[in-house]
Amino acid sequence: MKKIPFVWAALGLALLPWRSAQAATGPGEALFVTHCAPCHGRDGRLGRNGAHNLTQSNLTAFGRSYLVQNGLGKMPAFKKQLSPLAIEQVVQYSLTLK
Ligand code: HEC
């Protein structure tokens, strides 16, 4: 029976990095759901209005930020709606979609 607390402690430690990673993507995820998911879908694969599948995008953070700021074709520009920080957060979140 002595083993059980140890198992819980090990589990807690194993989950710590995961929990802080979640916290880091928090604001980006909320922004993504509001501003991007209508076309791209929560998982990045929806493809509504001709949106590209974000899980297959090779664009870097720099390229994505530029695109989100300025738009392209049917993709709207967000620089009037979102602050530079919010754009960075939403782009970081988009990079986690695999
Ligand atoms: C009105 C629908 C719409 C919304 C809302 C939208 N997008 Fe897009 N997105 C598109 C379309 C359409 C394209 C393809 C643009 C093209 O190449 O002509 C695209 C392309 C992209 C690409 C390039 C993918 C690639 O490699 O080809 C990225 C990255 C992207 N969107 C991110 C976002 C993010 C982040 C948001 C939210 C801030 C967002 N989009 C909101 C429609 C949308």
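**Stop 1: a loop residue**

Select Thr60, which is found in the loop between H2 and H3 (helices are DSSP runs of H or I with at least four residues, numbered from the N terminus). This is a predicted model, in which local features need pLDDT of at least 70, side-chain atom pairs count only at pLDDT 80 or more, and totals for chains, interfaces and linings use all residues. Residues are numbered from 1 along each chain as its sequence is written.

Is Thr60 buried or exposed? Thr60 counts as exposed because it has 11 C-beta neighbours inside 10 Å; the exposed class takes 12 or fewer other C-beta atoms within 10 Å, the buried class 20 or more, with C-beta atoms placed from the backbone.

**Stop 2: the nonpolar core**

Select Leu31, Phe32, Cys36, Val68, Phe78, Ile87, Val90, Val91 and Tyr93, the 9 residues of the largest nonpolar core (a set of buried Ala, Val, Leu, Ile, Met, Phe, Trp, Tyr and Cys residues joined through C-beta atoms within 7 Å). Helices H1 (3-35) and H4 each give two or more residues to this core, and H4 gives the most, with 4.

Centre on Val90. Leaving out residues up to four places away in sequence, Val90 touches Gly28, Leu31, Phe32, His35, Cys36, Val68 and Leu82 (contact: C-beta atoms, placed from the backbone, within 7 Å).

Terms used. Two residues are in contact if their C-beta atoms, placed from the backbone, lie within 7 Å.
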